[in-house]
Amino acid sequence: MALQTAAQYEESLRKLKLKVYLMGERIVNPVDHPIIRPSMNSVKMTYALAHDPEHEDLMTATSHLTGQKINRFCHLHQSTTDLVKKVKMQRLLGQKTGACFQRCVGMDAVNAVDSVTFEMDKKLGTSYHERFLKFLRRMQDEDMTVDGAMTDPKGDRGLPPSRQADPDLFTHIVERRKDGIVVRGAKAHQTGAINSHWILVMPTIAMTKEDSDYALSFVAPADAEGISYIYGRQSCDTRKLEGGNIDVGNYNFGGHEALMVFDNVFVPWENVFMCGEYEFSGLLVERFAGYHRQSYGGCKVGVGDVLIGAAALAADYNGAAKASHVKDKLIEMMHLNETLYACGIACSAEGNKTASGTYLINLLLANVCKQNVTRLPYEIARLAEDLAGGLMVTLASERDLRHPEIGPVVKKYFRGVASVSTEHRCRIMRLIENITLGTAAVGYRTESMHGAGSPQAQRIMIARQGNLEQKKKLAKDIAGIKD
Ligand code: SF4
Ligand code: FE
């Protein structure tokens, strides 16, 4: 059964026995928890749209393993067209959810692990690729959501994994057994962890020989013995406990991150894809990060579309839409947003085939894409706040709006143009607040900075891939300088 419905996905999550903690409490039913459920709805959309004839070309693909129709989130990119479609799919989902839909980390992880295990086996004579393909087939058949887990807590950033005061600050092998390995440590900021069936762990940095116990990649069921999750807080998250649907800004959708803890987790050999091969750790990081930096040229653009639409509506509702500076600010927002999209498309169109057959994005352009994402959404958000006006942060609550006595007062004084209800104006203000400062700001604002690697990580890659020597040569040729 290669394509699950949205309802089947939700039901499959109910069967998991995840150990989740949120605000000091163990959550036995994350699916229906009001703080968690909107993030599940976002992942659900990745299943729902795969059944929509209008979107199936972007949302589905043909498995190169089985020839079956599968969800694109389970697919290995077989061409540059696949890479381009991936970005378009992510923009679409950003538009439909206005939030992080989480499922991309697993897609990016399997694409990276595929080519790296293939190359590793070729060089070292290991047999990880076969194991990986067996897992991939299952992921495709069951239409799994897989959480790609890379970022270790890292402790003292000045020290390598093996020299940390606490050895668990990077996820590592504590025991090699006949039947498998035992793993301890944690992964931080894990997007969509509570909405995933399996997790795919990868190393977080390039390693040296001393750190070989940290050069580790494996898959495990999300509810495997010894794995627990501590749910990350988001700005304004407890508004979801209030029961209304205005103040939350985006009542239906959201994203989430969690700290994923491995307390002596046993992993059978068949699920291990790297175990001490430190020379390949950096390559896996580089490829996964590259794919995820490409992803941001899709998802952030889709959420940007929602934010631009909301800012334009705010201007309409304020009666300011005709002012030339307002029109110009909207043009600027669109220009910035499409610049990000152009980068996402460019790094995809310029992709190349790796030795395993899976296509990799152009790494230089993917890093340029993400570097722009660390900046432009901030300017888009600034302009949205400019157009919204101060009301987006001083507005009265939904309960005041609905109150029998003060409700009419709220409606009277928070009204903009007479043709638009105060409630609609409030909804748009809260949506802008949500994306720029509230729960979705995790996915749009700060994640634009740090998700898929902080700005400096891209600059290192740009330095490596930018080919400065060739540029010097060009200048010398034009200037008539002969060595
Ligand atoms: Fe997907 Fe974007 Fe969320 Fe990453 S941040 S999981 S690319 S939606
Ligand atoms: Fe992310």
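Me: What makes His189 exposed, and in which strand is its place?
Reply: In this predicted model, His189 belongs to strand β7 (residues 180-191). Its relative accessible area is 58%; exposed means over 50%, so His189 is called exposed.

Me: What is the phi of His189?
Reply: His189 has a positive phi of about 55°, although it is not a glycine. Most residues other than glycine have a negative phi.

Me: Why is Asn264 called partly exposed?
Reply: Asn264, in strand β11 (residues 257-268), has a relative accessible area of 40%. Buried means under 20% and exposed over 50%, so this value falls in between and Asn264 is partly exposed. Asn264 also has a positive phi, near 50°.

Me: Why is Tyr296 counted as buried?
Reply: The relative accessibility of Tyr296 is 2%.

Me: Which atoms coordinate the iron ion (ligand 2)?
Reply: The iron ion is coordinated by Tyr296 (OH) and Glu447 (OE), at 2.3 to 2.5 Å; donors are atoms within 2.8 Å of the metal, so these distances qualify. The pair links distant parts of the chain, with Tyr296 in helix α7 and Glu447 in helix α15 (residues 441-450), 151 residues apart.

Me: How do you know that ligand 1 lies between domain 1 and domain 2?
Reply: Domain 1 (6-280) and domain 2 (283-465) both contribute residues to the shell around ligand 1, so the ligand lies between them. Helix α7 (residues 281-318) supplies the largest share of that shell, five residues. Ligand 1 sits in the largest cavity.

How values were computed. Residues numbered from 1 in each chain as written. Chains lettered and ligands numbered in written order. Predicted model: local features only at pLDDT ≥ 70, side-chain atom pairs only at ≥ 80, totals over all residues. Heavy atoms only, no water. 1 Å grid on protein atoms, 1.4 Å probe; cavity = no way out; pocket = protein on both sides within 12 Å on 5 of 7 lines; lining within 4 Å. Sits in = over half its atoms within 2 Å of the grid points. Helix = DSSP H or I, 4+ residues; strand = E, 2+ residues; numbered from the N terminus. Domains from an automatic or database assignment. Donors = N, O, S within 2.8 Å, 3.2 Å for Na, K, Ca; no water. Buried < 20%, exposed > 50% of the residue type's maximum accessible area, 1.4 Å probe, protein only.
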